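Reader: Please take a close look at the charged side-chain contacts in this model, and in particular at one pair and its surroundings. A connected account would be appreciated.

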Amino acid sequence: SNYTNTSNDIEIEGDFTIDNNFQISNSTIYMNPNAKISIAKGAVLNLSAVNIKSCPSSNSLWESIEINDPSSFLLMNNSSIADAAIGVHSLNGGEYNINNCNFMNNATHLSIENYPNQIHKGVVTASTFDNDGLGFTATYTAINIDDIGMINIGDANENNNTISRTYRGIMSNNTTAIIHNNIINEIYFDGNPLSTGNAIQATVTNGTPYLLTVGGNNSNERNIINNTNNGIFANGIGLEIKAYFNNISEAHNAGILSNYAHLTAIKGNKIEDYSNYGIFYDNLSDVIPISITNNNIINGTYAICLLNPLNMQTSTIIGGNSIVNARIGIETTNLSLFNTFTANQIYFSQNATLEGRGIRLVNCANSQVIDNYIEDTHNGINAASTDGIGIYSYNSPFSFFKKNKLKGSLNALHLKGDCQGVNIECNRFEWCNTGVWFEKVYNASPLHIGTANQASDTGFNPRVLLQI
């Protein structure tokens with residue numbers, strides 16, 4: 001290594017190796033192009049109030065601070081790193097404790113790699129990861145995690161991390177990760193949803209089971225995500241997702257999007273002002289039960305959408321969700337094991353060209369749709385819609401519709417196709433054109449329509465209670 005120390009300034013060329021305990025404080029370190037700081041086995045680098053950046057004469061990135069062994073340790077407080085290819089690079093379990101630091105204009109701010117089947121002890125809290133556009137490069141990934149047995153990003157007992165102005169916020173591959181207490185906003189999108197525009201992204205490429213947990217049971221554990229293409233994007237067979245009590249707003253595609261990854265528990269999240277999907281599960285790939293409960297989903301197109309083209313035999317619970325101003329409240333396809341839709345409150349409305357649906361079931365046998373409140377708000381309060389449907393059921397035999405209150409739709413309950421063993425009991429229809437509409441029904445024996453289905457006691461009753 002060749003470095004110059006002048007007063008509180010240090011200049012580094014080449015690879016500067018820390019092979020013992022080394023402390024730097026209240027200094028500026030200038031890095032020449034491709035320079036690197038390496039922390040050797042058993043060594044500790046302690047940085048306090050240190051600013052690390054490119055030399056004033058440089059017009060290119062320096063390499064990284066590299067920690068390459070579980071016995072290597074970086075302690076970093078109240079410091080900053082700028083203009084690096086990788087700000088901090090942990091390999092093979094290299095340990096770090098980063099607190100109250102600022103990462104600016106690095107291609108990747110923090111990368112943790114190659115520690116499979118092990119718990120990584122690295123900690124990052126109360127730190128900022130940003131790009132102001134004045135450096136040599138855009139930031140492609142704020143925090144990259146690849147092939148780690150298990151890791152935490154964020155700490156509920158510390159101040160939150162903040163990630164801004166990058167193409168990917170936190171990217172996890174082939175890793176079990178817990179991500180909590182982060183603020184992530186302004187995530188850029190270049191048109192490829194598999195690699196950019198995601199605040200939190202997890203993938204599995206080797207088929208091994210991994211778990212991604214986003215958020216937690218109290219406000220200090222939740223993540224706050226704003227202005228991104230997808231808030232949480234999970235992709236790959238073998239990946240299981242749990243998301244608790246996160247706040248996601250202005251997702252231009254989806255608040256929570258899963259492709260093949262399994263949504264085991266999605267609970268208590270607030271998803272607001274999404275463009276296409278609040279929660280979207282495409283290509284179900286596992287028989288583990290799905291639970292989507294107590295979420296608050298506001299202002300978008302499809303609030304909850306589950307598609308099952310592979311016809312996986314899994315059970316589903318969708319309950320206690322509050323859905324406001326969606327064109328489709330809940331849509332599911334090809335779920336045929338046992339599905340429960342209960343105690344959801346859904347306010348839906350058509351958009352300029354397409355009709356609205358409160359709950360839409362397609363090929364979903366054995367569905368229990370119980371005690372939901374569903375209102376079509378297209379024509380305002382106490383008025384029947386011209387084309388909205390409260391509950392639409394197509395080819396969903398042996399399903400049970402009970403104690404639902406449906407208001408303001410053209411058809412409150414619309415059944416089509418295979419209706420064998422369908423049971424309709426104790427529902428209430430208000431301000432709708434038709435209570436129960438049967439269209440092109442076949443195989444309808446037995447079909448039970450209970451005597452307790454009723455129209456509104458006051459106001460505008462359905463013009464037709466039953467239409468067959």
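**The salt bridge of Arg 360 and Glu 331**

A salt bridge joins the side chains of Arg 360 and Glu 331, with 3.1 Å from N to O. This pair connects distant parts of the chain: Arg 360 belongs to strand 35 (residues 357-362) and Glu 331 to strand 32 (residues 322-333), 29 residues apart. The model is a predicted one. The two partners fall into separate classes of accessibility. Arg 360 has a relative accessible area of 25% and is partly exposed. Glu 331 has a relative accessibility of 9% and therefore counts as buried, the limit being under 20%.

Arg 357 and Glu 355 meet through their side chains in a salt bridge, at 3.4 Å from N to O.

Elsewhere, salt bridges link Lys 36, Glu 63 and Glu 66 in a network. The search of the whole structure finds 9 salt bridges.

Disulfides, by contrast, number 0. Cys 364 takes part in none, and the nearest cysteine sulfur, that of Cys 305, is 11 Å away. Cys 364 is buried, with a relative accessible area of 0%.

Definitions and conventions. Residues numbered from 1 in each chain as written. Predicted model: local features only at pLDDT ≥ 70, side-chain atom pairs only at ≥ 80, totals over all residues. Heavy atoms only, no water. Disulfide = S-S within 2.5 Å. Buried < 20%, exposed > 50% of the residue type's maximum accessible area, 1.4 Å probe, protein only. Salt bridge = Lys/Arg side-chain N within 4 Å of Asp/Glu carboxyl O. Helix = DSSP H or I, 4+ residues; strand = E, 2+ residues; numbered from the N terminus.
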